[in-house]
Structure formats: C-alpha cells, structure tokens
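This report goes with the sequence and the 3D structure shown below. Please keep both in view while reading.

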Amino acid sequence: ENENFVVIKEVDTDFQNKQNTSAETNIEKSSSEIPSENLPKTFDATQNFLANQLELFKSKTLSNGIPVIYKHSPLQSESAIRLEISGGEEKSFLGIRGMESLILRIVTENMLMVMKEYYNSDAIFYMPEITCETGINSGSITIKCHSQDIYRCLQAAIGSIVFGDVTPSIADETVFNMQREYKFLAADTSFQTYCNFMQRIYPKNKKLYNLKTPLLANLNFENIQNAYTHILDASRYTIIVATSQDFESVTKAAEENFGILQKHPKIKITTKNEIAEKSTISVPEIKEYISLYRVFTTDIPAELAGERPAKLIPTTEFNDPVHYYSNAPNNIDELPLYNSLLFEMEQRIEKATGLEVKTKIASVKSPFGGLQILSVPRLLDIDAVLKRTATQLAEDILSQKGEDIIMGIKTKWQFNILSDISSNIAVTELIAKGLNETGSQIQYLKDFEIINKATVVEFSKIMEEYLINFPPASLYYESRLK
C-alpha cells in the first residue's frame, strides 16, 4: 500500500550543467559501486561483496530527532539527497485528495527557484535536478547535485521549506498542472483496471483509488496555507544522503540546516511511519468484467472531419487490458523469489504473444503480486496463455536444465530491482523503500543475498504454492463477454 499515489507524477526539471549532540553510530549498511551486470553470482563472492560494502553506511540522529542515513560513494562526483517525509496521501490535510502532493510540489518549485539564484550567482557548481513524489504512506523530495554543493543544497532545501512563499499564482499553476495530469492518467484503461482492484484490497483508502473522486476539489488558498504548516514538523523527516563527501561534513551540514525544525506532535498527520507488520490482506477470488472509460482518437485530420461531423469514427484499434493478481508469501524471505518468478512469467508471456506486460511486485505492505497485460486482442484466449506459461515454467524449473533456468531468473530479478544500483539516486530510493517496508535500509541487499542463495527446490516450492494455479483475481473489460 506504500506505492506511489495513483494520480501524482514526478516534478522533474533537467537543466544544462555549468561548470552535534547525539552519538554517531554504525548501522546496517551496504551498497555498491558496481554496475548490476557485474554483481557477484556465486555464494562466496556474494558474501565477500556484502561484507566489503558494510563499511559504506553510517547514521546519526540530529538534535531534533531527524535520522540521517549516510552512504559513502567514493567514486561518484554526483550526490543524492533524499528527504523522506512520512504521512502520504492517506493523511492529506482535511482529507482533500492530492493535498499532500500539492504541498510537496510547491516546496519543490520553491527549492528550484532558490537553486537557480545560487547557480546564477556561482554559489554552486552545477544546477541540481529536483524531483518529488507522493505515496500512500509517505512522500519524498530528491536532489541530485554535485558533491561539492551538498551544503548549499541542504541550505536551499530548508530555506524553501521554512521560508518559502506560497503565492496564489504558484498554487493555481500547480493545481492546474496536477489536475491536467490526472485527467490523462485516469483515461488509461489499464490504470482504471488497477484502481478497480485496489479499491477492493484497501477499502479504507478506497477514495484514493476511486477515479471519480475529484482531485483537489473544493480547494481554497487558506486550505493550502494551513496544510503547508504541516510540512514543518521535524518528526516527519528522514534524510538519506549518498555522496563522496565525508560523513562528518554531511551530518554537520544537516544539523546546521535541518536542525532548526521542531517537532509538532499535536499534528496528527505527521506520525512517523511505523515499521511494517506482516499484512493480513488477501486477494479476493473474483473473475470480474468491468466497465472502462475510453478516450477515442482518430487519425483523420481535423480539416477533413468537417466543422461539426455527425460521427467521430475511431480508426485506432482498441484492445482490452487484462489483469491477474495472486497472494504472495507472508515470509519476507520468500518475497524476492515470488517476484523473480513474476518477472520470468512476464517475459515469457511477452515472447509468446508480442504483448506488453507489466509486473506488480509484492512487498511486506502489499503482499500480493500481479501481471498486467496492457492491450489484449479480444479474440486471444489470454487465460490459456497464462496457464500454459505457469505450467511450463514449473516444469522447466524441475527439468535437467533447472539450474540454468534459475540462474536466468535470478539475473532478471537483478536487472529489474538493481539495474541502477550504481546511481546514487537509485540507491537512496532503495534505502527509503526498505525503511518504509521493513525498517531496514539494506533490505534490497538482503533480498539480493536471498536470491543468490536460493535453490531449485525453493523456487519450485514458491511456484507450486502461489503461481501454478490460476490466480484468484482476474479482471477484464466487459466487452470480452460479448
């Protein structure tokens, strides 16, 4: 349930570059300066790799209680600063859908303006890239900058948060852009199918997945001003930094800047994310044909259609999305295996049909996985394709070539999960995901170890228990009944 909020996309600005009081502790630590294709494959190499990387992570708690998680990346000239902010869309101010995302976007825009001033005055070496995103339970602002600019970027970030001006013009423009993006996203039929399923899984957060619920509806400027004050609560923040700069310099910069924030425990939405407990969510047994909202397009130029054509004839072929979902293991050590098998099935279905397939991976907070087939011809028996794929995969795992099959599955998992591990931005994202899901900042490295150690027997067990049978939930467009 900690996935990105379903209607909010990143703010992504890409500019041309121009040239104290708390104890320090070592914590669970690891990462990699090695591209994913060069990650170790054998058990001994994996153990050595993990052991060597443990010294790269440290942590410190600022005087106001904000945790700083530091990962040393000595070979990188670029640094990543991720401000992880608890709360998320489920605790948006006044229950206004999209409000939390709106506030983070306004803060991000304010940061960009300050960064431009620094850049134009030669106070920083390069113009940083800043993105923000909002999930159900948390949000984040990520800054990609030159390693020498870390202090200035932290300074600009806290200045934008504390002293940033929320003007009606910025608020109006941001609301307009979000509502426009929402309309495009809501018109995606596969996304509509996904939201239909998620409303069943999370009935308490049903409104977040109900595409008929307006985004930022009945909003006034006073609402935005009041909501903005909630971003000032120190108890909401975790700072994650991946950089070549030394630990002492980074934590000193963090203390001098973010140490000014105070805790505001009376603000209920700022409650820190608790370490995830194993979920009791279960995928319902349904085979449902749902109605979808379609946007019809045509390749006939407007000048040939006439001023007021009597009919708009769609000339683009419209196929239907089909989604399958199944329960995932409750054992956290089995989740990587389950997800890796989904990736394998995704590739096999794509190869067999030529269709685009997306995998919805399982996690501790979202203990179910799925295969989302985006555009299925109505005459294709996609259920039969799925069944053949699962059956054949189960047989292949136990065949004489089983070891080779498993090695390929492990490689696909590494590609899908750790493909950008040499990027500081990607590493901070993986750290944040681990913290939000399990409380461990190296969960992705633990998963890597689990995958590398897994045997044919273990993969076969997961396949037989969770994926060999037809998935409990299958969703189709209602036209497939005709």
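What follows covers the strands, the helices, a cavity and some single residues.

The model is predicted, so local features need pLDDT of at least 70, side-chain atom pairs count only at pLDDT 80 or more, and totals for chains, interfaces and linings use all residues. Residues are numbered from 1 along each chain as its sequence is written, and side-chain values use heavy atoms, with hydrogens and water left out.

**The open sheet**

An open sheet of 5 strands has the order β8-β12-β9-β11-β10, with mixed pairing. Its edge strands, each pairing on one side only, are β8 (286-290) and β10 (357-360). From one strand to the next the twist averages 15 degrees. Strands (E, at least two residues) and helices (H or I, at least four) are DSSP runs, numbered from the N terminus. Two strands pair if DSSP finds at least two bridges between them. Axes are lines fitted to C-alpha atoms, for helices over the stretch in contact, and angles run from 0 to 180 degrees between N-to-C directions.

| Strands | Sense | Bridges | Residue pair |
|---|---|---|---|
| β10 and β11 | antiparallel | 4 bridges | Thr-359 and Leu-371 |
| β4 and β6 | antiparallel | 9 bridges | Ile-81 and Ile-143 |
| β4 and β7 | antiparallel | 6 bridges | Ile-81 and Val-241 |

Strand β12 is largely enclosed by the rest of the structure, because 5 of its 5 residues are buried. Buried means under 20% relative accessible area, exposed over 50%, and partly exposed in between (1.4 Å probe, protein chains only). Ala-473, Leu-475 and Tyr-477 point one way from β12, while Ser-474 and Tyr-476 point the other way. In a regular strand the side chains alternate between the two faces of the sheet.

Helix α10 lies across β9, β10 and β11 and runs at about 15 degrees to β11. Helix α11 also packs on the sheet, where it touches β8, β9, β11 and β12 (473-477), and its direction makes about 40 degrees with that of β9. Contact means heavy atoms within 4.5 Å.

**The largest cavity**

The largest cavity has a volume of about 130 Å³. A cavity is a set of points, on a 1 Å grid over the protein atoms alone, where a 1.4 Å probe fits but cannot get out; lining residues have an atom within 4 Å of a point. Grid points are joined across faces, edges and corners, and the volume is the space filled by probe spheres set on the points.

The lining has 18 residues, of which Met-345, Leu-371, Leu-386, Leu-467 and Pro-471 lie nearest the centre of the cavity. At least two lining residues come from each of β9 (320-327), α10 (335-353), β11 (368-376), α11 (382-397) and α15 (456-467). By class, the lining holds 13 nonpolar, 4 polar and 1 charged. Here Ala, Val, Leu, Ile, Met, Phe, Trp, Tyr, Cys and Pro count as nonpolar, Asp, Glu, Lys and Arg as charged, and the others, Gly among them, as polar.

**Strand β4 and its surroundings**

Strand β4 is largely enclosed by the rest of the structure, since 8 of its 9 residues are buried. Its partner β6 spans residues 138-146, and β7 spans residues 237-243.

Thr-243 lies in β7 and counts as buried because its relative accessibility is 0%. Among the residues that Thr-243 touches are Tyr-70, His-72, Ser-79, Ile-150 and Asn-424, not counting residues up to four places away in sequence.

Ile-150 lies in helix α3 (residues 150-163) and is buried, with a relative accessible area of 5%. The contacts of Ile-150, under the sequence exclusion of up to four places, include Ser-79, Ile-81, Val-241 and Thr-243. The C-alpha atoms of Ile-150 and Ser-79 are separated by 7.5 Å, although these residues are 71 residues apart along the chain.

Helix α14 (residues 443-453) is largely enclosed by the rest of the structure, because 8 of its 11 residues are buried. The buried residues include Gln-443, Asp-447 and Asn-452.

Most residues other than glycine have a negative phi. Leu-94 has a positive phi, near 60 degrees; Leu-94 is in the loop between β4 (78-86) and α2 (99-120) and is exposed, with a relative accessible area of 59%. Asp-122 also has a positive phi near 60 degrees. Asp-122 is in the loop between α2 and β5 (129-134) and counts as exposed at 54% relative accessibility.

Technical notes. 1 Å grid on protein atoms, 1.4 Å probe; cavity = no way out; pocket = protein on both sides within 12 Å on 5 of 7 lines; lining within 4 Å.
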